[in-house]
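Reader: I would like to go through this model with you. Could we begin with the fold and then turn to the ligand site?

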Amino acid sequence: MSYLGVQIRCVTPQDKDSFFEAYKGVYSSKEEAKAFYRRFLDNGWVSGAWKDHKLIGVLTWTPRECVKNGLAEIIDLWVIKEERRKGIGGKLIDHALEQMKQYYQRFGSKLQRVMLFTGATEEYSTARALYEKKGFHIITTIPQDTLDNLYCNEYLYVLRLST
Ligand SMILES: CC(C)(COP(=O)(O)OP(=O)(O)OC[C@H]1O[C@@H](n2cnc3c(N)ncnc32)[C@H](O)[C@@H]1OP(=O)(O)O)[C@@H](O)C(=O)NCCC(=O)NCCS
């Protein structure tokens, strides 16, 4: 998928150097980032946006348990500051949804719902506007410091796909 000179495609193990470079400083070490992300890269569960061979945005997702339950989770989404508000985040969601559907079909099932957690504060208002534009709805609030949300309440969002 190509959009305004930006290529949207799965991030593969061959892209690992630029991928792990982007996570420098997020994890305590490169080894931790590799240990966490290896399975996502190996399975094609990372959609990436590339401009002039530079990784400028990422969406990581995972199936939740067995595909027969039809539930996937988006666990990470970002676009670099300079490239925001150009529709790239939306295209990453579109690309990942297509990959999810194909994955569920591959195992004889159907993607029915996609869930994600995001912050309830102003800092995450852009992300929330994007998710809501894509059809996600708030299901419940996760109170601050009950999961890994040490600093603010989070919302659980769910997108229901039409059957
Ligand atoms: C959230 C994020 C990925 C969006 O990426 P993006 O490429 O800017 O998103 P898009 O350009 O596709 O935006 C699509 C929609 O989101 C909303 N949106 C985007 N930027 C917005 C802003 N600054 N203010 C309000 N709404 C905004 C709009 O509804 C927009 O649609 P429109 O441009 O047609 O009005 C990006 O802002 C980001 O990386 N934020 C920091 C990390 C983060 O919060 N990640 C989510 C954690 S769960």
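Predicted model: local features only at pLDDT ≥ 70, side-chain atom pairs only at ≥ 80, totals over all residues.

Reader: How many helices and strands does the protein have?

Author: There are four helices and eight strands. Along the sequence they follow the pattern β-β-α-α-β-β-β-α-β-α-β-β.

Reader: What share of the residues counts as buried?

Author: Of the 163 residues, 25% count as buried. As for contacts between residues at least 6 apart in sequence, 56% join residues at least 24 apart.

Reader: Turning to the ligand, which residues come nearest?

Author: The ligand has 17 residues around it, of which R84, G89, G90, A127 and L130 come nearest.

Reader: Which element gives the most to that shell?

Author: Helix α4 does, with five residues. At least two shell residues each come from β5 (71–79), α3 (88–106) and α4 (125–133).

Reader: How do the shell residues divide into nonpolar, polar and charged?

Author: Eight are nonpolar, five are polar and four are charged.

Reader: Finally, where does the ligand shell lie relative to the domains?

Author: It lies between domain 1 (1–111) and domain 2 (112–163), because both domains give residues to the shell around the ligand.

Technical notes:
Residues numbered from 1 in each chain as written. Buried ≥ 20, exposed ≤ 12 C-beta atoms within 10 Å, placed from the backbone. Contact = placed C-beta atoms within 7 Å. Near = placed C-beta within 6 Å. Nonpolar A, V, L, I, M, F, W, Y, C, P; charged D, E, K, R; others polar. Domains from an automatic or database assignment.
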